[in-house]
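Here is a short briefing to read alongside the model. Keep the viewer open and follow the topics in turn.

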Amino acid sequence: MSVAGLIRMGDNTLVLGQRVSEWCGHAPALEEDIALANTALDLIGQTQLWLGLAAEREGAGRTADTLAYHRDAWDFRNLLLVEQPNRDFGVTMMRQFLFDAWHLEALTALSAHDDAEIAAIAQKSVKEVTYHRERSSDTVIALGDGTDESRARMQGALDRLWPYVGEMFSADDDDLTDVSALKPAVFTYLETILAEATLTRPDSDFAHMGGKTGARHTEHLGHMLATMQVLPRSYPDATW
Amino acid sequence: MVTTRASVDEVWGWLAAVPDPEIPVISLVDLGIIRDVQWRGDTLEVTVTPTYSGCPATSIINFEIEAALLANGIENLSLKRQIAPPWTTDWMTDTGKAKLERYGIAPPQAAGGPARCPHCQSVRVEKISQFGSTPCKAQWRCTDCLEPFDYFKCI
């Protein structure tokens, strides 16, 4: 039964894609605005593949759109990290960097999955996420190893988001791959980039849990979904 | 019954005349997204692969394919989406790459950056942003003629 695992992958890309798209028209520079919008677009495209396959496998007549727009917060199975609010540009880029580091390793593992359809989506996504990770890493380095102000904000962003990193490696049978096995490679990458960015990784390994199991999302998810879902919920048959 | 079914080669020829909706100087065949054309009984099956999974041009591309084939008398058409193997810029034809450069878009290079400025051919170029006006392009600038230009990313 792979439906639950597919929904996890699709909910991560959906929720982060929606969050990143909130920057559209508001980013600090035109180039950043375009880059954020393009990243969001890739993530929403990947969502259509993951949730599309989940709906098909479930065989209950739902579609990727039904899954995206007609579930409530407690039905979502995304990581807590991706539902965290954008706050400033530094927090947004640190969240992206932490997720990209995990996402690329997860997709690389899934590219060799026994299930050909899962492997195909992962192979397609790897190409896009390679660019995401390159860009978020460059930005974390530039701002971390930047001015006193930018460095302080990036360290603050890292400290704020660090408690959401551990959940990415908490494994259970619903996952499409053993995510706990990704930790050494992801941490090696994170440490390399953070060192170059002159940022200090927090010592604590405390981790908030409950996003990928749906047991306890943060308060932010419901507010985000209210905005994302209002149109199809208010006008369920609307087409455009 | 007289069969007037178009040959697969003819269909490829028609598709080679369908422009990409975002970059109309190159065709869908130049772009390398048409993966297969074959007849299955009375139905023509065209296999298309998306460039980027979120590319908004995908649905327009499907519409353009349908319109072009219908105009050539194809009535039973099945469009098949294939995502594996994933699209790569290696599938772009050399003609397509040359057309891109003439249009002012630096074609993809294995080295990961443009070989030269598509406007003045200077090799002194710098990256502005890894993301450009569409998911498939990055923004670069020539440090000689100072013109910004799009670079078609290598994936």
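In this predicted model, B:L146 sits in the loop that links strand 6 (137-142) to strand 7 (148-152) of chain B. Its phi is positive, about 65°, although B:L146 is not a glycine. B:L146 counts as exposed because it has 10 C-beta neighbours inside 10 Å, and a residue with 12 or fewer falls in that class.

**Other loops of chain B**

- B:G132 belongs to the loop between strand 5 (125-129) and strand 6 of chain B.
- Is B:G132 buried or exposed? B:G132 counts as buried, because it has 23 C-beta neighbours inside 10 Å and the cut-off for burial is 20 or more.
- Setting aside neighbours within four places in sequence, B:G132 is in contact with B:K137, B:A138, B:Q139 and B:D150, and also with A:I34 from the other chain.
- B:D42 is placed in the loop between strand 1 (34-40) and strand 2 (43-48) of chain B.
- B:D42 has 9 C-beta neighbours inside 10 Å and so counts as exposed.
- The C-alpha atoms of B:D42 and B:E75 are 9.1 Å apart, while the two residues are 33 residues apart along the chain.
- A cis peptide bond joins B:A84 to B:P85, with omega near -5°.
- B:P85 is found in the loop between strand 3 (77-81) and helix 4 (94-103) of chain B.

**Where the chains meet**

- How many residues of chain A are in contact with chain B? There are 20 of them, and they touch 15 residues of chain B.
- Helix 2 (30-58) and helix 6 (116-144) of chain A each supply at least two residues of the side that touches chain B.
- That side of chain A is made up of 8 nonpolar, 5 polar and 7 charged residues.

**Chain A as a whole**

- Chain A has 9 helices and 0 strands, so you will read its elements from the N terminus as α-α-α-α-α-α-α-α-α.- The radius of gyration of chain A is 17 Å, close to the 18 Å that the globule rule gives for 240 residues, so chain A is as compact as a globular protein of that length.
- Taken along the principal axes, the C-alpha atoms of chain A fill a box of roughly 55 × 40 × 30 Å.
- Among the 240 residues of chain A, 44% count as buried.
- Of the contacts in chain A with a separation of 6 or more, 74% involve residues 24 or more positions apart.

**Helix 5 of chain A and its partner**

- Helix 5 (residues 89-110) of chain A has 22 residues.
- From first C-alpha to last, helix 5 of chain A reaches 30 Å, close to the 32 Å expected at 1.5 Å a residue.
- Why can helix 5 of chain A be called largely enclosed by the rest of the structure? The reason is that 19 of its 22 residues are buried.
- Two packed helices are described by the angle between their axes and the distance between the axes.
- For helix 5 and helix 8 (residues 183-196) of chain A, the axes come within 9 Å and cross at roughly 145°.
- The crossing of helix 5 and helix 8 of chain A is right-handed.
- On the helix 5 side of chain A, the residues that meet helix 8 are A:A101, A:W102 and A:E105.
- Their partners in helix 8 of chain A are A:A185, A:V186, A:Y189 and A:L190.
- By class, this contact between helix 5 and helix 8 of chain A has 6 nonpolar, no polar and 1 charged residues.

- A:R87 lies in the loop between helix 4 (80-83) and helix 5 of chain A.
- The phi of A:R87 is near 50°, a positive value in a residue other than glycine.
- With 15 other C-beta atoms within 10 Å, A:R87 is partly exposed.
- A:E149 is part of helix 7 (residues 148-161) of chain A.
- A:E149 counts as exposed, because it has 10 C-beta neighbours inside 10 Å.
- The C-alpha atoms of A:E149 and A:L14 are separated by 32 Å, and the two residues are 135 residues apart along the chain.

Technical notes. Residues numbered from 1 in each chain as written. Chains lettered and ligands numbered in written order. Predicted model: local features only at pLDDT ≥ 70, side-chain atom pairs only at ≥ 80, totals over all residues. Contact = placed C-beta atoms within 7 Å. Helix = DSSP H or I, 4+ residues; strand = E, 2+ residues; numbered from the N terminus. Nonpolar A, V, L, I, M, F, W, Y, C, P; charged D, E, K, R; others polar. Expected span 1.5 Å × (residues − 1). Rg over C-alpha atoms; globule rule 2.2 N^0.38 Å. Axes fitted to C-alpha atoms, helices over the stretch in contact; angles between N-to-C directions. Left-handed = near helix turned anticlockwise from the far one by under 90°.
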